[in-house]
Amino acid sequence: MWLNDVIVVFNRLGCDTAAVINILAHRDATQRALIESEYKTMYSEELTKRLSKELSGNLKKAVLLWMPDPARRDAMILHDALTTDIDLKAATEVICSRTPSQIQHLKQLYHTLYGTYIEHAIQTQASGDLEKFLLAYLSTPRSEGFEVDRTMVDQDAKALYKAGEKRLGTDEKTFRMIFCGRSRAHMAAVSTAYHSMYGNTLKKAVKSETSGNFEHGLVTVVQCAENPGKYFAKVLRKAMKGLGTNDKTLIRVIVTRAEIDMQYIKAEYHKKHHKSLNDDVHSETSGHYRTFLLSLLGPNQH
(Lines give C-alpha, C1' and ligand atoms only; values in the text may rest on other atoms or scores of the structure.)
Protein backbone atom coordinates (compact mmCIF):
# COMPACT_ATOMS: atom_id res chain seq x y z
CA MET A 1 0.00 0.00 0.00
CA TRP A 2 2.77 2.46 0.96
CA LEU A 3 4.67 1.80 -2.26
CA ASN A 4 1.55 2.31 -4.29
CA ASP A 5 0.79 5.55 -2.41
CA VAL A 6 4.33 6.79 -2.95
CA ILE A 7 4.39 5.95 -6.65
CA VAL A 8 1.01 7.61 -7.23
CA VAL A 9 2.15 10.71 -5.34
CA PHE A 10 5.38 10.87 -7.35
CA ASN A 11 3.78 10.31 -10.75
CA ARG A 12 0.68 12.42 -10.29
CA LEU A 13 2.12 15.49 -8.52
CA GLY A 14 1.87 18.40 -10.90
CA CYS A 15 -0.71 16.82 -13.16
CA ASP A 16 -3.36 15.09 -11.03
CA THR A 17 -3.55 17.08 -7.82
CA ALA A 18 -6.89 15.51 -6.88
CA ALA A 19 -5.38 12.01 -6.70
CA VAL A 20 -2.49 13.19 -4.52
CA ILE A 21 -4.56 15.15 -2.03
CA ASN A 22 -7.07 12.29 -1.87
CA ILE A 23 -4.29 9.95 -0.73
CA LEU A 24 -2.72 12.36 1.76
CA ALA A 25 -6.02 13.53 3.29
CA HIS A 26 -7.05 9.94 4.05
CA ARG A 27 -3.81 8.82 5.73
CA ASP A 28 -3.16 9.23 9.47
CA ALA A 29 0.01 10.70 10.98
CA THR A 30 1.84 7.33 11.11
CA GLN A 31 0.90 6.51 7.53
CA ARG A 32 1.93 9.96 6.29
CA ALA A 33 5.32 9.56 7.99
CA LEU A 34 5.79 6.19 6.24
CA ILE A 35 4.88 7.70 2.86
CA GLU A 36 7.38 10.53 3.47
CA SER A 37 10.20 8.18 4.42
CA GLU A 38 9.52 5.77 1.50
CA TYR A 39 9.33 8.72 -0.88
CA LYS A 40 12.74 9.96 0.26
CA THR A 41 14.26 6.49 -0.06
CA MET A 42 12.90 5.99 -3.56
CA TYR A 43 13.40 9.45 -5.04
CA SER A 44 16.16 11.03 -2.88
CA GLU A 45 14.00 14.08 -2.34
CA GLU A 46 11.88 15.35 0.56
CA LEU A 47 8.19 14.91 -0.24
CA THR A 48 7.37 18.24 1.43
CA LYS A 49 9.83 20.02 -0.88
CA ARG A 50 8.13 18.49 -3.91
CA LEU A 51 4.66 19.35 -2.56
CA SER A 52 5.87 22.88 -1.95
CA LYS A 53 6.97 23.15 -5.59
CA GLU A 54 3.86 21.62 -7.11
CA LEU A 55 1.09 23.12 -4.97
CA SER A 56 0.22 26.76 -4.34
CA GLY A 57 -1.96 29.11 -2.30
CA ASN A 58 -4.14 27.88 0.54
CA LEU A 59 -4.03 24.28 -0.67
CA LYS A 60 -0.24 24.28 -0.33
CA LYS A 61 -0.45 25.79 3.18
CA ALA A 62 -3.05 23.23 4.28
CA VAL A 63 -1.25 20.18 2.85
CA LEU A 64 2.15 21.21 4.24
CA LEU A 65 0.62 21.75 7.68
CA TRP A 66 -1.15 18.38 7.48
CA MET A 67 1.97 16.31 6.69
CA PRO A 68 3.81 16.40 10.09
CA ASP A 69 2.67 14.69 13.29
CA PRO A 70 0.68 16.84 15.77
CA ALA A 71 3.58 17.92 18.01
CA ARG A 72 5.80 18.98 15.10
CA ARG A 73 2.83 20.74 13.52
CA ASP A 74 2.17 22.71 16.72
CA ALA A 75 5.84 23.66 16.89
CA MET A 76 5.67 24.90 13.27
CA ILE A 77 2.51 26.95 13.95
CA LEU A 78 4.06 28.52 17.04
CA HIS A 79 7.36 29.26 15.33
CA ASP A 80 5.49 30.98 12.50
CA ALA A 81 3.19 32.89 14.92
CA LEU A 82 6.09 34.02 17.13
CA THR A 83 8.85 34.72 14.63
CA THR A 84 7.58 35.15 11.05
CA ASP A 85 3.96 36.14 10.61
CA ILE A 86 3.43 37.44 14.15
CA ASP A 87 0.06 36.27 15.49
CA LEU A 88 -0.10 36.25 19.29
CA LYS A 89 -3.76 35.25 19.22
CA ALA A 90 -2.94 32.04 17.32
CA ALA A 91 0.04 31.31 19.59
CA THR A 92 -2.16 31.81 22.67
CA GLU A 93 -4.87 29.52 21.24
CA VAL A 94 -2.41 26.70 20.56
CA ILE A 95 -0.67 26.88 23.94
CA CYS A 96 -3.84 27.24 26.02
CA SER A 97 -5.83 24.51 24.25
CA ARG A 98 -3.19 21.77 24.54
CA THR A 99 -2.89 19.21 27.35
CA PRO A 100 0.14 19.25 29.71
CA SER A 101 1.71 16.23 27.96
CA GLN A 102 1.17 17.83 24.54
CA ILE A 103 2.86 20.99 25.84
CA GLN A 104 5.87 19.05 27.16
CA HIS A 105 6.33 17.30 23.83
CA LEU A 106 5.87 20.55 21.95
CA LYS A 107 8.47 22.39 24.04
CA GLN A 108 11.10 19.69 23.46
CA LEU A 109 10.38 19.51 19.75
CA TYR A 110 10.43 23.29 19.34
CA HIS A 111 13.94 23.37 20.81
CA THR A 112 15.09 20.45 18.63
CA LEU A 113 13.72 22.00 15.44
CA TYR A 114 14.65 25.64 15.97
CA GLY A 115 17.60 25.57 18.39
CA THR A 116 15.89 27.99 20.74
CA TYR A 117 13.35 27.77 23.53
CA ILE A 118 9.73 28.66 22.93
CA GLU A 119 9.86 30.77 26.10
CA HIS A 120 12.47 33.03 24.46
CA ALA A 121 10.21 33.61 21.46
CA ILE A 122 7.34 34.52 23.81
CA GLN A 123 9.54 36.93 25.77
CA THR A 124 10.54 38.59 22.48
CA GLN A 125 7.01 39.04 21.13
CA ALA A 126 4.65 39.24 24.11
CA SER A 127 4.64 41.61 27.05
CA GLY A 128 2.79 42.39 30.26
CA ASP A 129 0.03 40.07 31.48
CA LEU A 130 0.07 37.92 28.34
CA GLU A 131 3.80 37.24 28.57
CA LYS A 132 3.58 36.33 32.27
CA PHE A 133 0.54 34.16 31.64
CA LEU A 134 1.98 32.17 28.69
CA LEU A 135 5.31 31.61 30.44
CA ALA A 136 3.50 30.37 33.56
CA TYR A 137 1.18 28.17 31.50
CA LEU A 138 4.13 26.54 29.74
CA SER A 139 6.10 25.90 32.93
CA THR A 140 3.48 24.95 35.55
CA PRO A 141 2.78 21.22 35.94
CA ARG A 142 -0.93 20.32 35.79
CA SER A 143 -2.70 17.04 36.39
CA GLU A 144 -4.46 15.35 33.48
CA GLY A 145 -6.67 13.29 35.78
CA PHE A 146 -10.37 13.72 36.42
CA GLU A 147 -10.30 13.87 40.22
CA VAL A 148 -11.44 17.12 41.79
CA ASP A 149 -11.09 18.47 45.33
CA ARG A 150 -14.43 20.19 46.08
CA THR A 151 -13.05 22.33 48.90
CA MET A 152 -10.27 23.63 46.69
CA VAL A 153 -12.75 24.25 43.86
CA ASP A 154 -14.88 26.47 46.11
CA GLN A 155 -11.79 28.27 47.41
CA ASP A 156 -10.65 29.00 43.85
CA ALA A 157 -14.10 30.27 42.80
CA LYS A 158 -14.12 32.63 45.81
CA ALA A 159 -10.54 33.76 45.16
CA LEU A 160 -11.38 34.57 41.53
CA TYR A 161 -14.45 36.54 42.58
CA LYS A 162 -12.39 38.51 45.09
CA ALA A 163 -9.66 39.08 42.49
CA GLY A 164 -12.11 40.33 39.87
CA GLU A 165 -15.76 41.21 40.12
CA LYS A 166 -15.74 42.02 43.84
CA ARG A 167 -13.04 44.67 43.67
CA LEU A 168 -12.16 47.78 41.74
CA GLY A 169 -9.52 46.77 39.23
CA THR A 170 -8.28 43.21 38.76
CA ASP A 171 -5.75 41.09 40.63
CA GLU A 172 -4.25 39.43 37.52
CA LYS A 173 -1.79 37.41 39.58
CA THR A 174 -4.60 35.36 41.19
CA PHE A 175 -6.20 34.70 37.79
CA ARG A 176 -2.81 33.63 36.43
CA MET A 177 -2.00 31.38 39.37
CA ILE A 178 -5.34 29.51 39.28
CA PHE A 179 -5.73 29.26 35.49
CA CYS A 180 -2.14 28.07 35.01
CA GLY A 181 -1.94 25.71 37.96
CA ARG A 182 -5.17 23.72 37.83
CA SER A 183 -6.22 20.71 35.78
CA ARG A 184 -8.97 20.88 33.15
CA ALA A 185 -11.34 18.86 35.35
CA HIS A 186 -10.69 21.27 38.23
CA MET A 187 -11.20 24.38 36.05
CA ALA A 188 -14.49 23.02 34.70
CA ALA A 189 -15.64 22.48 38.30
CA VAL A 190 -14.49 26.00 39.29
CA SER A 191 -16.50 27.42 36.39
CA THR A 192 -19.65 25.57 37.55
CA ALA A 193 -19.09 26.61 41.19
CA TYR A 194 -18.50 30.24 40.20
CA HIS A 195 -21.78 30.33 38.31
CA SER A 196 -23.80 28.81 41.14
CA MET A 197 -22.18 31.07 43.77
CA TYR A 198 -22.29 34.40 41.92
CA GLY A 199 -24.88 33.99 39.14
CA ASN A 200 -22.39 35.04 36.48
CA THR A 201 -20.32 32.73 34.31
CA LEU A 202 -16.57 32.61 34.86
CA LYS A 203 -16.12 33.34 31.15
CA LYS A 204 -18.18 36.56 31.45
CA ALA A 205 -16.22 37.55 34.56
CA VAL A 206 -12.94 37.04 32.66
CA LYS A 207 -14.22 39.11 29.74
CA SER A 208 -15.26 42.01 31.97
CA GLU A 209 -12.07 41.95 34.07
CA THR A 210 -9.36 41.40 31.43
CA SER A 211 -8.70 42.29 27.80
CA GLY A 212 -6.73 41.49 24.66
CA ASN A 213 -4.80 38.26 24.27
CA PHE A 214 -4.57 37.78 28.05
CA GLU A 215 -8.38 37.59 28.09
CA HIS A 216 -8.25 35.31 25.04
CA GLY A 217 -5.85 32.96 26.88
CA LEU A 218 -8.01 32.77 30.02
CA VAL A 219 -11.18 32.20 27.98
CA THR A 220 -9.42 29.47 25.96
CA VAL A 221 -8.36 27.69 29.16
CA VAL A 222 -11.82 27.75 30.72
CA GLN A 223 -13.65 26.82 27.51
CA CYS A 224 -11.27 23.97 26.68
CA ALA A 225 -11.75 22.70 30.24
CA GLU A 226 -15.52 22.71 29.79
CA ASN A 227 -15.97 21.79 26.13
CA PRO A 228 -13.13 21.99 23.57
CA GLY A 229 -15.50 21.06 20.71
CA LYS A 230 -17.69 24.09 21.44
CA TYR A 231 -14.62 26.34 21.71
CA PHE A 232 -13.20 25.33 18.32
CA ALA A 233 -16.64 25.44 16.66
CA LYS A 234 -16.79 29.10 17.71
CA VAL A 235 -13.26 29.81 16.39
CA LEU A 236 -14.24 28.28 13.02
CA ARG A 237 -17.49 30.24 12.89
CA LYS A 238 -15.62 33.49 13.51
CA ALA A 239 -13.13 32.64 10.75
CA MET A 240 -15.95 32.30 8.20
CA LYS A 241 -18.43 34.94 9.37
CA GLY A 242 -18.78 38.30 7.66
CA LEU A 243 -16.84 39.57 4.67
CA GLY A 244 -14.02 37.32 3.54
CA THR A 245 -12.69 34.20 5.22
CA ASN A 246 -9.76 33.95 7.59
CA ASP A 247 -8.16 31.02 5.76
CA LYS A 248 -5.19 30.88 8.10
CA THR A 249 -7.46 30.16 11.09
CA LEU A 250 -9.64 27.81 9.04
CA ILE A 251 -6.59 25.77 7.99
CA ARG A 252 -5.01 25.79 11.45
CA VAL A 253 -8.10 24.57 13.29
CA ILE A 254 -9.28 21.99 10.75
CA VAL A 255 -5.81 20.52 10.26
CA THR A 256 -4.87 20.44 13.97
CA ARG A 257 -8.20 19.03 15.21
CA ALA A 258 -8.93 16.57 12.35
CA GLU A 259 -7.30 13.64 14.17
CA ILE A 260 -8.36 14.76 17.67
CA ASP A 261 -11.97 15.88 18.13
CA MET A 262 -13.42 16.96 14.79
CA GLN A 263 -16.64 14.96 15.21
CA TYR A 264 -17.34 16.83 18.47
CA ILE A 265 -16.57 20.17 16.84
CA LYS A 266 -18.96 19.39 13.97
CA ALA A 267 -21.72 18.35 16.39
CA GLU A 268 -21.29 21.55 18.45
CA TYR A 269 -21.24 23.67 15.30
CA HIS A 270 -24.50 22.17 14.10
CA LYS A 271 -26.12 22.49 17.53
CA LYS A 272 -25.31 26.20 17.69
CA HIS A 273 -25.83 27.29 14.07
CA HIS A 274 -28.38 24.75 12.79
CA LYS A 275 -26.29 24.03 9.73
CA SER A 276 -23.31 21.81 9.12
CA LEU A 277 -19.68 22.88 9.35
CA ASN A 278 -19.07 21.02 6.05
CA ASP A 279 -21.66 23.16 4.26
CA ASP A 280 -20.17 26.41 5.56
CA VAL A 281 -16.62 25.36 4.65
CA HIS A 282 -17.93 24.32 1.21
CA SER A 283 -19.45 27.76 0.61
CA GLU A 284 -16.35 29.65 1.85
CA THR A 285 -13.71 27.74 -0.15
CA SER A 286 -13.19 26.42 -3.67
CA GLY A 287 -11.25 24.01 -5.89
CA HIS A 288 -8.75 21.48 -4.55
CA TYR A 289 -8.42 23.52 -1.36
CA ARG A 290 -12.12 22.96 -0.64
CA THR A 291 -11.84 19.25 -1.49
CA PHE A 292 -8.88 18.82 0.85
CA LEU A 293 -10.51 20.57 3.84
CA LEU A 294 -13.77 18.65 3.34
CA SER A 295 -11.80 15.38 3.23
CA LEU A 296 -10.25 16.25 6.60
CA LEU A 297 -13.68 17.11 8.03
CA GLY A 298 -15.05 13.71 7.03
CA PRO A 299 -18.58 12.92 5.83
CA ASN A 300 -21.41 15.33 6.49
CA GLN A 301 -23.38 14.01 9.45
CA HIS A 302 -26.46 16.16 8.94
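Select Y161 to begin: this residue is partly exposed, with a relative accessible area of 24%, where buried means under 20% relative accessible area, exposed over 50% and partly exposed in between, using a 1.4 Å probe and protein chains only. The model on screen is predicted, so local features need pLDDT of at least 70 and side-chain atom pairs count only at pLDDT 80 or more, whereas totals for chains, interfaces and linings use all residues. Residues are numbered from 1 along each chain as its sequence is written, and side-chain values use heavy atoms, with hydrogens and water left out.

**Aromatic pairs**

A pair of aromatic rings is described by the distance of the centres and the angle of the planes. Rings of Phe, Tyr and Trp (its six-membered ring) pair if their centres lie within 6.5 Å, and planes under 30 degrees apart count as stacked, over 60 as edge-to-face and the rest as tilted. By this rule the count comes to 9 aromatic pairs. Y161 and Y198 form one that is stacked, at 3.8 Å centre to centre with 5 degrees between the planes. Because Y161 lies in helix α11 (residues 150–163) and Y198 in helix α13 (residues 184–198), the pair ties together parts that are 37 residues apart in sequence; helices here are DSSP runs (H or I, at least four residues), strands are runs of E of at least two, and both are numbered from the N terminus.

F175 and F179 are 4 residues apart in helix α12 (residues 172–181), a separation of about one helical turn, and both F175 and F179 are buried. Then select F133, Y137 and F214 together, which form one aromatic cluster.

**A buried histidine**

Return to helix α13 and pick H186, which is found there and counts as buried at 5% relative accessibility. Not counting residues up to four places away in sequence, H186 touches V148, D149, M152, V153 and D156, a contact being heavy atoms within 4.5 Å.

**Two loop residues with positive phi**

Most residues other than glycine have a negative phi, and most peptide bonds are trans. Select S44, in the loop between α3 (29–43) and α4 (47–54), where phi is positive at about 50 degrees although the residue is not a glycine; S44 is exposed, with a relative accessible area of 66%. Then go to H274, in the loop between α18 (262–273) and α19 (277–284), which has a positive phi of about 55 degrees and is likewise not a glycine; H274 is exposed, with a relative accessible area of 65%.

**The whole chain**

Finally, zoom out to the protein, which has 20 helices and 0 strands. Its radius of gyration is 21 Å, close to the 19 Å that the globule rule gives for 302 residues, so the protein is as compact as a globular protein of that length; the radius is taken over C-alpha atoms, and the rule is 2.2 Å times the number of residues to the power 0.38. Along the principal axes, the C-alpha atoms fill a box of roughly 65 × 45 × 35 Å. Of the 302 residues, 48% count as buried, and among contacts between residues at least 6 apart in sequence, 67% join residues at least 24 apart.
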